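User: I am new to reading structures. Can we go through this one, with a reason for each label?
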Amino acid sequence: MRHLRYTAAYGSGLWLGLAMLLYGTAAGAQQTITGAAQASGQLAEREYSDGWQTQSHDPQHTGISSVKSQALGLIHWHTPVDLQPRLTSGELLNHYGSPLVTQLNTVIVPVKTGATNGFRVEARDGADGSVKWMLNTDYTVPSAPFLPSFGPTLSRNNVIIPAAGGTILVRDQADLPYGKVTRIAFYGLGAFATDPSTFTANVQINTPITADSKGNLFFGFIVTGPTPILLQSGLARIGNDGKGSWVSAATASGDPQISKVNMNCAPAMSKDEHHVYVGVDNFDFGFGYLLELDAATLQPVNRARLIDPVSLSDALITDESSASPTVGPDGDVFFGVLENPFPSHHDRGWLLHFSADLAQQKISGGFGWDDTASIVDASLVKSYRGSSKYLLMTKYNDYADEGGTGLNQIAILDPNSTTPDLVFGNPVMGEVLTILGPTPDLRFPQPGPVREWCINTAAVDPFTKSVFANSEDGKLYRWDLTTNSFSEAIKLTGGIGEAYTPTLIGSDGTVYAINRGVLFAMGQDTGIDEGHQ
C-alpha cells in the first residue's frame with residue numbers, strides 16, 4: 001500500500017483482555033500471573049534455536065530461513081489475524097505483527113480481535129493449524145494513520161507479548177498447552193502496580209519486540225501523558241535476569257527535538273550483539289536519526305542523521321512505515337526512509353546504507369518506503385559477477401498514482417555497485433535482478449502498469465535459491481533467483497490494497513503469508529484438508 005498523505009488516526013480506546021490479572025503491590029520487575037505450567041525442564045532450558053524467532057527471522061533482520069521451503073502445492077490451513085478488519089476507502093490499512101515459529105513447529109499468531117484494539121496470541125500446530133493455546137493481552141496500540149503492529153517475539157521457548165502500560169507478558173513453554181504467564185515492567189512492576197490505570201493510559205509499546213540470543217529484550221515505547229516516575233518516550237531493555245532499563249529518545253539521540261522511537265521500527269542487533277540499532281524521530285513526517293546504542297547499558301555510541309541522498313535535506317520519517325534496520329554480514333546497516341520533498345521520488349523513498357559505526361553513509365538503494373531489506377548470499381544468484389559477498393532483496397515499486405510508471409518490481413541489489421536511479425539519475429545500488437509484477441493494474445493510464453508488491457520483509461530460502469513475496473493481486477510468489485522467474489504462485493484471495501505484510505518459513509518448510517487479514521500456511525500436497533480458522 002502506497003503512503004497516505006492524510007491523517008486518519010485510530011482511537012486509543014482500551015480493551016482489557018486480561019481481567020483476571022492481579023497487579024499486586026510488591027516491588028520488583030516480575031510477577032507471576034498464572035502457575036499452571038506443565039513440567040518440562042528440557043523445553044524450558046532449550047537454547048535459542050532456529051525456526052522464525054522474531055520479525056524478519058533474527059535480531060539482524062536478515063530474513064534468511066534455516067530450512068528448505070516446501071513446494072507451494074496447496075494451502076494447508078488458514079486463520080484470521082484480524083477478527084474485525086476495517087477498510088478505509090476499500091483498503092486495509094493495518095500493519096500485522098509477524099507470525100513466529102518455534103523449533104518444534106508451533107506457530108505463534110498475533111491476532112487483532114477488536115476494531116482498533118483488543119489483541120491475543122494464538123499458538124497453533126504448524127502441521128494442521130489446530131490450536132494449542134490462546135492468551136489475551138491488555139495491550140493497546142498507539143495512534144497512527146496505519147494501525148501499528150502488535151509484535152511479539154520468541155526467546156528461549158518463551159513467547160514475549162506486548163501488554164498494557166509498556167509492560168510485557170512472558171508465556172513459557174511455547175509448545176505446550178499449559179504454561180506460566182509472567183508480567184514484567186521495564187520500569188519496575190511495583191511502579192506499575194501502584195497506578196496501573198495511569199500507566200495503561202499513558203505508556204504504550206510502539207515497536208515489535210526484539211530478543212537477542214541471550215534472552216535480552218528491546219523495544220520502543222511512547223509516553224503520551226504524565227506518569228508517577230516521569231517516563232519519557234524512548235527505548236526499553238529487559239535483561240534475561242528480568243531487570244529493566246530505558247533511555248529516552250531525546251537523550252539517546254543527543255537532540256532535544258527528538259520525541260520517540262520510529263513507529264513499528266523493530267530494534268536490530270549487531271552481529272556480535274554488543275550494539276542495538278534503532279530509528280528515532282521528532283513526529284510523524286518529521287526528521288530523525290539512526291542510533292547505535294550499547295546493548296548492555298543503552299548508552300549512546302553513535303548516531304547518523306537521516307538525509308535524503310538527492311536533496312540533502314532531512315529524509316522523512318512517517319508513522320505509517322514499518323521499516324526496521326537490517327544488519328549485513330559485514331556489519332553494515334540498511335534503513336528505509338521517505339524522500340524529501342515528498343513525493344518527488346514517486347513515494348519510493350530510499351534505502352540508506354551506513355557503516356557499522358554509522359560514521360560513513362554509503363551508496364543508497366533506490367527504494368526504501370515501508371521496507372526492511374532481506375539478505376541474499378551472492379552465491380544464490382548464478383548470474384551475479386560482482387565482488388560483493390551478499391546482496392539485498394527489496395521491494396521496488398514505482399507508484400503510478402505518485403508520478404511513477406506503475407511498473408512495480410521486486411529487486412536484488414548490490415550494496416557496493418551503482419546504477420543510475422530511475423527517477424533522478426543519481427547513483428544508487430546496482431540492480432542485479434529485477435522482476436515485474438505479473439498482474440495488470442487497469443486503474444492507471446500509463447503503459448503496462450501492474451499490481452504493486454505487498455511485502456515489508458521477505459523470506460529468503462537459500463536451499464532453493466528463492467525469495468517469497470506477496471502481491472496485492474492476492475497471490476504469493478516464489479521468485480527463482482537462478483532463472484529470474486516466478487517458479488511458483490498460489491492464490492490466497494482475490495486481492496486488496498493493504499499495508500505491507502511479511503512472509504516467513506516454518507520449521508518444517510511450510511511457507512506463511514498474510515493477505516486480506518488472514519494468515520495462510522502453504523506447502524506440498526500432503527492430503528491435509530484446508531480449513532482451520
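User: What makes Asp281 and Lys260 a salt bridge?
Analyst: This is a predicted model. In it, the closest N and O atoms of Asp281 and Lys260 are 2.9 Å apart. The cut-off is within 4 Å, so the pair counts as a salt bridge. The pair links distant parts of the chain. Asp281 sits in strand β20, Lys260 in strand β18, and they are 21 residues apart.

User: Why is Lys260 called buried?
Analyst: Its relative accessibility is 9%. Buried means under 20%, so Lys260 qualifies. Asp281 is buried too.

User: What makes Lys260 and Asp319 a salt bridge?
Analyst: Their closest N and O atoms lie 2.8 Å apart. That is within 4 Å, so the label holds. Asp319 is in the loop between β22 and β23, 59 residues from Lys260.

User: Is Asp319 buried or exposed, and how do you know?
Analyst: Asp319 has 8% relative accessibility. That is under 20%, so Asp319 is buried.

User: Why do Lys395 and Asp371 count as a salt bridge?
Analyst: The closest N and O atoms are 3.5 Å apart. The limit is 4 Å, so this pair counts. Lys395 belongs to strand β27, and Asp371 to the loop between β25 and β26. Both residues are buried.

User: How many salt bridges are there by this rule?
Analyst: The count comes to 13. Arg120, Glu122 and Arg124 are linked in a network of them.

User: Why is Cys265 called buried?
Analyst: Its relative accessible area is 0%. The cut-off is under 20%, so Cys265 is buried.

User: How many disulfides does the whole structure have?
Analyst: The search finds zero.

Definitions and conventions:
Residues are numbered from 1 along each chain as its sequence is written. This is a predicted model: local features need pLDDT of at least 70, side-chain atom pairs count only at pLDDT 80 or more; totals for chains, interfaces and linings use all residues. Side-chain values use heavy atoms; hydrogens and water are left out. A disulfide is a pair of cysteine sulfur atoms within 2.5 Å. Buried means under 20% relative accessible area, exposed over 50%, partly exposed in between (1.4 Å probe, protein chains only). A salt bridge is a side-chain nitrogen of Lys or Arg within 4 Å of a carboxyl oxygen of Asp or Glu. Helices (H or I, at least four residues) and strands (E, at least two) are DSSP runs, numbered from the N terminus.
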